[in-house]
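Please keep the sequence and the model in view while reading.

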Amino acid sequence: MRQDNGLDGSDSDSNTDSVDSHQPFEAAWQAIRNGLRRDLGARTFDHWLKPMKLIGFEEEAGQVRLELPSHFMADWVREHYSDRLRYAWRATVPSVREIDIVAAEGASRPALFIVGEEDVLPPTEQLTGTSGDSIGTPLENRYVFSNFVTGTANEVAFNAARMMADVGVPMFSSLYIHAGTGLGKTHLLHAIGHEFLRQKPRSNVLYMSAEKFMYEFVSAMREKDTIGFKQKLRSADLLLVDDVQFIAGKEATQEEFFHTINEIIATGHRLVISADRPPHELGAVDKRIASRLAGGLVTDLRQPDLDHRRRIVSHKLGQMPQADMPRDVADFLAQRFSASIRELEGALTRVVAYSLLSKRPIDLAFAQETLADLLRHSQRRITIDEIQRSVCEHYGIRHAEMTSARRAREVARPRQVAMYLAKRLTPRSLPEIGRRFGGRDHTTVIHAIKRIKELRAADSELDSDVRSLLRKLEN
């Protein structure tokens with residue numbers, strides 16, 4: 001493997017996102033860093049990805065090796081950004097197939113998590129499918145049913161997931177789980193896959209995100225191997241597709257996805273889909289797909305109540321025997337981080353990790369100091385979905401119009417207002433906002449923001465609308 005001197009590039013916001021595969025890997029890494037910083041935002045990039053170094057690559061094996069200064073950071077980036085990094089490298093240097101994210105040599109490893117013996121999976125259950133050339137993504141070992149804390153907000157979805165994982169005759173043709181970010185959709189999809197493999201070890205379970213579906217489909221078309229792609233997908237005994245809303249606006253991909261889910265269901269195989277909204281609100285997703293997905297069982301995950309969040313904290317602490325967290329701190333976390341389970345778990349992990357790394361005991365003052373930036377942002381977290389619903393209610397249009405292709409003024413203007421408010425009231429990047437409005441390009445979002453700013457200065461009625469919406473959303 002070729003080694004370098006830890007080239008980590010600069011942080012300029014260059015618009016160059018692709019590099020000829022014959023150019024040096026260092027140049028590719030520079031372009032990838034620029035794109036990640038722009039897409040993820042400066043704060044996220046600087047905190048987790050800026051310290052990452054390109055330490056080696058092996059062109060023949062198609063492997064890139066990236067290094068972070070600690071095991072904690074390496075584990076975190078591997079868990080949250082490995083897929084994004086892999087897709088970015090593949091899009092920039094098509095010969096790259098694998099990303100190896102490691103900690104710097106000699107970095108200490110605080111033992112944060114001890115998984116219970118019942119959650120250790122045998123080797124055959126750590127694979128997605130039975131073939132070595134699977135186009136799916138490996139299942140996460142920690143996402144099993146025994147690690148999912150249930151409550152009134154998620155018990156229906158949890159029980160439906162258990163039923164879909166049972167190898168007996170399923171009660172429904174497909175399962176569609178929808179929820180906001182960080183409420184457990186991905187956990188349930190992985191848990192279904194693990195349980196199905198536990199009961200039927202030689203079955204072919206295929207898990208993939210909608211973004212990976214698109215990437216693999218485009219790659220298959222480029223390599224003129226769409227037949228092979230279809231065969232791999234449709235041979236799955238259980239197909240799990242995460243975040244299906246991201247296929248919005250991609251006509252060729254949607255056509256293939258439609259035929260795939262039709263065949264999976266028609267052959268009696270199992271289909272589980274997750275998304276951030278119900279099927280009828282997918283907007284720019286083909287109506288045939290939405291109708292097909294609505295034909296199975298549709299269920300949701302809601303925000304957990306305080307008692308549920310307390311039990312989540314207790315469960316996670318049970319997996320961290322090194323953590324000595326007083327009850328008042330655990331209760332403080334449960335009260336203050338209510339937007340999502342992921343946010344709550346992230347806050348808990350940070351407090352425990354910082355305590356171990358700094359060798360300081362955990363008390364309320366330490367938790368408040370450690371989580372100061374997160375606490376500021378958790379005071380009132382406004383979501384894009386909340387903005388869209390408020391705008392639709394104000395203007396009397398359907399929520400689906402936010403993601404539709406309609407350009408009539410009575411729809412386009414409220415949509416522009418919602419984009420403007422999304423940029424003003426949320427930390428989401430322009431590409432992220434565009435995706436939530438039917439897969440629109442970030443330049444469309446820029447135009448909408450600019451247009452609403454101009455109209456607010458010239459149109460008192462529209463300015464009054466925006467002010468009214470701001471008051472409603474911020475209170």
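The sections below treat the basis of the report, the strand and the helix that leads to it.

## Basis

The model is predicted: local features need pLDDT of at least 70, side-chain atom pairs count only at pLDDT 80 or more, and totals for chains, interfaces and linings use all residues. Residues are numbered from 1 along each chain as its sequence is written, and side-chain values use heavy atoms, without hydrogens and water.

## Strand β8

Helices (H or I, at least four residues) and strands (E, at least two) are DSSP runs, numbered from the N terminus. Buried denotes under 20% relative accessible area, exposed over 50%, and partly exposed in between, with a 1.4 Å probe and protein chains only. Six of the six residues of β8 (residues 270–275) are buried, so the strand is largely enclosed by the rest of the structure. R270, V272 and S274 point one way, and L271, I273 and A275 the other.

Strands pair if DSSP finds at least two bridges between them. Strand β5 (residues 174–178) runs parallel to β8 and is joined to it by five bridges, with Y176 opposite I273. Strand β7 (residues 238–242) is also parallel to β8, through four bridges, and L239 stands opposite L271.

## Helix α8

From β7 the chain crosses through α8 (residues 251–266) to β8 in a right-handed β-α-β crossover; with the strands pointing away from the viewer, the path from the first strand over the helix to the second runs clockwise. Buried residues of α8 include F257, F258, I261 and I265. G268, which follows α8, has a positive phi near 80°.
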